Amino acid sequence: MRATEIIAGAAALLASGVSAEAYLGFNSGNTLANREAKFKKDWVQEFTTAQNLKNAPGTFNAVRLYTNIQAYSQTSEPIEAFEAAIETNTKILLGVWASGTDTIEPEIKALQTAISTYGKKLTDLIIGASIGSEDLYRVSVTGIQNKSGVGAGPSEIVKFIGDWKKAFQGTALANVPIGHVDTWDVWTNSTNKPVIDAVDWVGVDEYPYYENGKGNNIENSGYLFDRAFDAITGAVGGKPVWVTETGWPYVGQTWDKAEATVKNQQYYWQEVGCRKLFGKVPTFWYNLRDSNPDNEMKFAITDNLSTTPHFDLTCPKTFKTTPKASSSGGSFVTSTATGTGVSAPSSSSASGSTSDSGSDDESGSGSGSSTSSDKSGTATVATESAVATGSATSVKGVSAAAVAGMTLLVGVFAML
């Protein structure tokens with residue numbers, strides 16, 4: 001074998017071996033179900049329960065936040081989740097609210113204040129930052145039809161990403177990967193390509209439960225999830241895909257063919273979480289506990305933060321969702337998107353937001369919005385060799401394969 005061929009092979013091995021750490025976590029807003037603000041003790045309870053769930057397929061020691069600002073703060077006070085994360089050694093996916101505002105300066109100020117207070121104890125726990133959450137969906141035709149609230153367009157999100165990078169250049173957060181979170185069909189819409197180009201990773205919120213008109217019975221949930229996930233990976237040009245919200249409710253109305261039951265909640269955990277995500281893709285499940293009284297669908301996997309969930313979290317060794325020929329690349333697929341129509345964080349200074357809903361449970365496909373409206377929109381996308389690898393390039397982790405690739409490269413150059 002020629003040295004050039006060895007180098008090419010080693011480079012390929014190195015590239016394939018650099019992968020995102022498969023974070024496991026839950027989403028967490030800044031208010032409780034009664035609309036009261038969460039404080040440090042509330043997050044400590046959440047994070048402690050998450051890390052000690054009985055029969056969990058891994059340690060859920062990460063959290064996705066929606067804002068850096070403490071609920072109802074008048075002065076961009078840092079969210080107390082930061083201090084709780086330090087106490088419990090919980091990794092943080094930062095959230096920056098980006099809708100209904102022309103500046104993210106309050107979000108930046110809150111984080112800078114927290115860093116001044118906690119320093120390396122905090123920055124070492126930060127695994128990424130999401131600039132916005134479903135903003136592009138809310139300004140889409142479907143989002144507007146579903147009255148999902150005020151959003152932000154691609155140019156605004158790109159500007160905010162630039163503002164964030166400028167604010168933290170030369171700091172401990174300069175190399176923290178930046179992303180944006182939205183519904184899956186947003187990423188297959190070419191209008192939003194500037195956002196894809198601006199981020200390091202792509203965050204997706206996907207709920208097959210709400211995919212009405214597409215055979216959304218629980219037995220089909222894994223296939224619906226795979227189709228959406230594959231469409232994204234085929235559209236984002238190799239950017240890593242993080243699953244920032246997904247789950248199945250155990251209480252709520254029957255949504256077309258989707259039924260909200262504990263049995264179905266467990267099925268979805270197994271067929272989507274265990275089969276597709278856990279240990280493979282950075283995943284923030286929806287959710288550990290419910291915090292939005294406006295959403296009649298309840299997604300919590302446990303009651304009152306008990307470490308004994310509604311169902312056995314053990315992952316099975318075999319799965320009922322098997323590959324289908326229809327999911328292969330090259331064909332055009334018409335499917336529905338999952339919009340959540342969320343409300344702004346509960347802070348009068350939250351990035352200049354004009355909404356003060358008192359609820360910051362930003363998700364659950366309908367939380368913070370009228371659940372009587374149809375949350376589904378139709379988008380036609382082309383799946384391009386849609387293979388979900390679950391391990392795109394990342395700045396956070398180097399796998400054993402990457403180490404092997406580096407070793408091989410060193411050996412090759414030593415021979416030249």
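N264 is buried, with a relative accessible area of 9% (buried means under 20%, exposed over 50%, partly exposed in between, using a 1.4 Å probe and protein chains only). This is a predicted model, in which local features need pLDDT of at least 70, side-chain atom pairs count only at pLDDT 80 or more, and totals for chains, interfaces and linings use all residues. Residues are numbered from 1 along each chain as its sequence is written, and side-chain values use heavy atoms, with hydrogens and water left out.

**Around N264**
- You will find N264 in helix α12, which covers residues 262-277 (helices are DSSP runs of H or I with at least four residues, strands are runs of E with at least two, and both are numbered from the N terminus).
- Apart from neighbours within four places in sequence, N264 touches I218, W248 and E259 (contact means heavy atoms within 4.5 Å).

**How α11 meets α12**
- Helix α11 (residues 221-233) packs against α12 at an angle of about 35°, with the axes 9 Å apart (axes are lines fitted to C-alpha atoms over the stretch in contact, and angles run from 0 to 180 degrees between N-to-C directions).
- On the α11 side the contact includes F225 and F229, and on the α12 side Y267 and Y268 are among the partners.

**The whole chain**
- The chain holds 13 helices and 10 strands.
- Of its 416 residues, 56% count as buried.
- Among contacts between residues at least 6 apart in sequence, 79% join residues at least 24 apart.
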